[in-house]
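Here are my notes on the model, point by point. Please read them with the coordinates open.

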Amino acid sequence: MIPVFRVPGTLDRTSEDCNTVVSAEYCKDCGKVEARFYHCNNWDCPTCYFWTASRAAHRAEDRLLGTQKAYADVGKHPGRILHVMFSVPESEYDNFDYKQQRKKCYGYAEMIGMLGGAVAFHPYRVKKEYHKPLYDYLKNAGLPGGHWRAIHDNPLNLSSWRDYVYFAPHFHILGFYPKIVMKSNEFFELTGWTYKTIGVAQDRNVFRTLRYLCTHLAVPEGHDQAITYFGLASYNKTSVEAVKTSSFKACPACGSENYYLIACGEYMFSRYLAGLKPSEDSLLLHVRVVKTIKRFTVRVHQSTIPEVSAIAC
């Protein structure tokens, strides 16, 4: 039996407040007003899933770059961050168990020379007959993104997003890959799986790659994580200390510190945007910026990794 998975943004909207203005930032000196929006952070919400994906991508990027720096600081640079895809063979589709296959993927990734990384599981691929129509839709509409960006809009008016796809489980890994130790044809003969090196994610943009992968991964159930980690990036090998700092935010237009938070909805925001000045009573407090500084460190008993000092990083 083949299991059924959900992908982000394919159920009902969580709330009427999703992606609506709930407050605004206002400068008393130059009159600049900037909206703040509400996002539910629910993977299933068709309005907010993109912001949920962005948050997950930022966390994964922090962990990858932080892990890379932590090992470099102890003289064990793990290599650049590469994007590699592992595909499950059709012979293993029946009674597919995601967690068992993920564990197998971790082992296979290490088999070809990956030292660790972040993993996103994709249960589906887009049917080939829809590739061009979806691409044409994005091009004509001037929209960024890939096929899944178009599927969420359902430009062909199919009955369900599932009509665009077929079950073809595969794992995307952004991880440390200092050198190839097993070619793809040898790997296939040994395991039945296939792997493909898509590119050097660090030469492109780690965050954007992760965010796109998060827009169509398998929605996690319960306390499961959307993105998981193995090897050097796993929690038992690299620890993190987070320190939050808070400071007043200056107006991005004029630099004034008379920059306030005001409570408002869509209607009042539109009036402020048109030039209406808020009353003194509506100015709640100075806008603050809270930043989280993360410092990743190698756990002492895990500081030994394969010698890769000869690689160019």
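**Notes on pockets, strands and backbone**

1. By class, 11 nonpolar, 12 polar and six charged residues make up the lining of the largest pocket. Keep in mind throughout that this is a predicted model.

2. The volume of the largest pocket is about 810 Å³. Its lining counts 29 residues, and G146, H147, W148, Y212 and H216 lie nearest the centre. Two or more lining residues come from each of α1 (49-73), β3 (81-87), β4, α4, β5 and α6 (206-214). Helix α6 supplies the largest share, five residues.

3. The second largest pocket holds about 260 Å³ of space. It has 15 lining residues; nearest its centre are A56, R59, Q225, Y229 and Y235. Here the elements giving two or more residues are α1, β7 and β11 (288-298). The top contributor is α1, with five residues. By class, the lining of this second largest pocket splits into 10 nonpolar, one polar and four charged residues.

4. Which strands pair with β4? Strand β5 runs antiparallel to β4, and 10 bridges join the two. Within that pairing, R125 has Y166 of β5 as its bridge partner. Strand β7 (residues 227-231) also pairs with β4 in the antiparallel sense, over five bridges. There, A120 stands opposite I227.

5. Strand β4 spans residues 116-126 and is mostly covered. Of its 11 residues, 10 are buried. Strand β4 is also among the elements that give two or more residues to the lining of the largest pocket.

6. Is T191 buried or exposed? T191 counts as buried because its relative accessible area is 14%, under the 20% cut-off. The residue belongs to helix α5 (residues 184-191). A polar atom of the T191 side chain lies 2.8 Å from the backbone oxygen of F187. Leaving aside residues up to four places away in sequence, T191 touches Y108 and M111.

7. Two backbone angles deserve a look. Most residues other than glycine have a negative phi. N19 has a positive phi, near 60°. N157 also has a positive phi, about 55°, although it is not a glycine.

8. Where do these two asparagines sit? N19 is in the segment before β1 (21-27). N157 is in the loop between α4 (147-151) and β5 (165-176). With 29% relative accessibility, N19 is partly exposed. N157 is exposed, with a relative accessible area of 66%.

Terms used: Residues numbered from 1 in each chain as written. Predicted model: local features only at pLDDT ≥ 70, side-chain atom pairs only at ≥ 80, totals over all residues. Heavy atoms only, no water. Helix = DSSP H or I, 4+ residues; strand = E, 2+ residues; numbered from the N terminus. Buried < 20%, exposed > 50% of the residue type's maximum accessible area, 1.4 Å probe, protein only. Pairing = 2+ DSSP bridges. Polar contact = N/O pair within 3.5 Å; in protein donor to acceptor, adjacent residues only side chain to side chain. Contact = heavy atoms within 4.5 Å. 1 Å grid on protein atoms, 1.4 Å probe; cavity = no way out; pocket = protein on both sides within 12 Å on 5 of 7 lines; lining within 4 Å. Points joined across faces, edges and corners; volume = space filled by probe spheres on them. Nonpolar A, V, L, I, M, F, W, Y, C, P; charged D, E, K, R; others polar.
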